[in-house]
Amino acid sequence: MNSLINHVKKSKKIKTYTKIPQTMKHTQVSDYNTLKPLCYTILTKSQTIFTKVDGKLENKIKLKRGDYVLCGTKKEKYGMTLEKMLDSYDLGNVKNKKVVRKGFKLTKSLLNKHGINDKNNINIVPSWGGKQFLLKDDYILFETNNTGYYGINKEGFKKTYK
């Protein structure tokens, strides 16, 4: 097969084809086989993806967390690495979900009441890890499950919460 491909590459028999753009909708599912046509999911764990077209196995690929599984117009599910997705698709806008958070403002009086100097950074560990540095008048918001929390600076809070 390689000799055939190399032969055609060198010949003048290569034509140009343009793929028709299709819009796919993100649907987060735990079982990629449940995807509907023109939808995709992002894998949350490593797994092998089997592509069947008209009942015949066409491909199988081992993918990792963060790679994609797409469902074509014929209900075929096919996997793509993140790198291949970035080469082949325009990744669109991501819109946050409407969430309601409970939280509080780091007021001068609240900080002083708890013996925290309001002139220095206030360090917390947000629910996603790392270190976050806050100041007086910034906010701390609790995750929906009330087990995690994170900070948001006062300017960002004014633009993104009401």
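How many residues line the second largest pocket, and which of them lie nearest its centre?

Author: The model is a predicted one. In it, the second largest pocket has a lining of 14 residues. Nearest its centre lie Val99, Val100, Thr160, Tyr161 and Lys162. The space in this pocket comes to about 330 Å³. Three elements each give at least two residues to the lining: strand 7 (103-105), strand 10 (139-142) and helix 4 (154-160). Sorted by class, the lining residues of the second largest pocket are seven nonpolar, three polar and four charged.

The largest pocket may be described in the same terms. About 790 Å³ of space lies in the largest pocket. Its lining consists of 25 residues, and the closest to its centre are Met24, Tyr40, Asp90, Leu91 and Gly92. Five elements are listed as each supplying at least two lining residues of the largest pocket: strand 1 (25-26), strand 2 (39-42), strand 5 (68-71), strand 6 (77-80) and helix 2 (82-88). The class counts for the lining of the largest pocket are 13 nonpolar, seven polar and five charged.

Together with Leu82 and Leu86, Leu91 makes a nonpolar surface patch of about 250 Å².

The charged pairs come next. The structure holds three salt bridges. One of them joins the side chains of Glu143 and Arg101, with an N to O distance of 3.4 Å. Glu143 belongs to the loop between strand 10 and strand 11 (149-152), and Arg101 to the loop between helix 2 and strand 7, so this bridge ties together parts of the chain that are 42 residues apart in sequence. The two partners fall into separate accessibility classes. Glu143 has a relative accessibility of 19% and therefore counts as buried, the limit for that class being under 20%. Arg101, at 22% relative accessibility, counts as partly exposed.

A second salt bridge is formed by Asp54 and Lys74, whose closest N and O atoms are 3.2 Å apart. This pair, too, links distant parts of the chain: Asp54 is in the loop between strand 3 (47-53) and strand 4 (56-63), Lys74 is in the loop between strand 5 and strand 6, and 20 residues separate them. Both partners, Asp54 and Lys74, are exposed. For Lys74 the relative accessibility is 53%, which means that it counts as exposed, since that class requires over 50%.

The remaining pair is that of Asp137 and Lys136, with the closest N and O atoms 3.1 Å apart. Asp137 sits in the loop between strand 9 (132-134) and strand 10. With a relative accessible area of 19%, Asp137 is buried, whereas Lys136, at 29% relative accessibility, counts as partly exposed. The backbone of Asp137 also deserves attention: its phi is near 75 degrees, a positive value in a residue other than glycine.

A positive phi is found at Lys75 as well, where the angle is about 65 degrees although the residue is not a glycine. Lys75 has its place in the loop between strand 5 and strand 6, and that loop also holds Lys74. Lys75 counts as exposed because its relative accessibility is 57%.

The loop between strand 3 and strand 4 holds Gly55. Gly55 has a relative accessible area of 71% and is therefore exposed.

Two separations along the model complete the account. The C-alpha atoms of Gly55 and His7 are separated by 32 Å, the two residues being 48 residues apart along the chain.

The loop between strand 10 and strand 11 holds Glu143, the partner of Arg101 in a salt bridge. Asp137 lies in the loop between strand 9 and strand 10 and forms its salt bridge with Lys136.

Key
Residues are numbered from 1 along each chain as its sequence is written. This is a predicted model: local features need pLDDT of at least 70, side-chain atom pairs count only at pLDDT 80 or more; totals for chains, interfaces and linings use all residues. Side-chain values use heavy atoms; hydrogens and water are left out. On a 1 Å grid over the protein atoms alone, a cavity is a set of points where a 1.4 Å probe fits but cannot get out, and a pocket is an open set with protein on both sides within 12 Å along at least five of seven lines; lining residues have an atom within 4 Å of a point. Grid points are joined across faces, edges and corners, and a volume is the space filled by probe spheres set on the points. Helices (H or I, at least four residues) and strands (E, at least two) are DSSP runs, numbered from the N terminus. Ala, Val, Leu, Ile, Met, Phe, Trp, Tyr, Cys and Pro count as nonpolar, Asp, Glu, Lys and Arg as charged, and the others, Gly among them, as polar. A salt bridge is a side-chain nitrogen of Lys or Arg within 4 Å of a carboxyl oxygen of Asp or Glu. Buried means under 20% relative accessible area, exposed over 50%, partly exposed in between (1.4 Å probe, protein chains only). Patches are made of residues with over 30% relative accessible area and no salt bridge: like charges are joined within 9 Å, nonpolar side chains (Val, Leu, Ile, Met, Phe, Trp, Tyr) within 5 Å. Accessible areas come from the Shrake-Rupley method with a 1.4 Å probe; for residues, only the protein chains shown count as cover.
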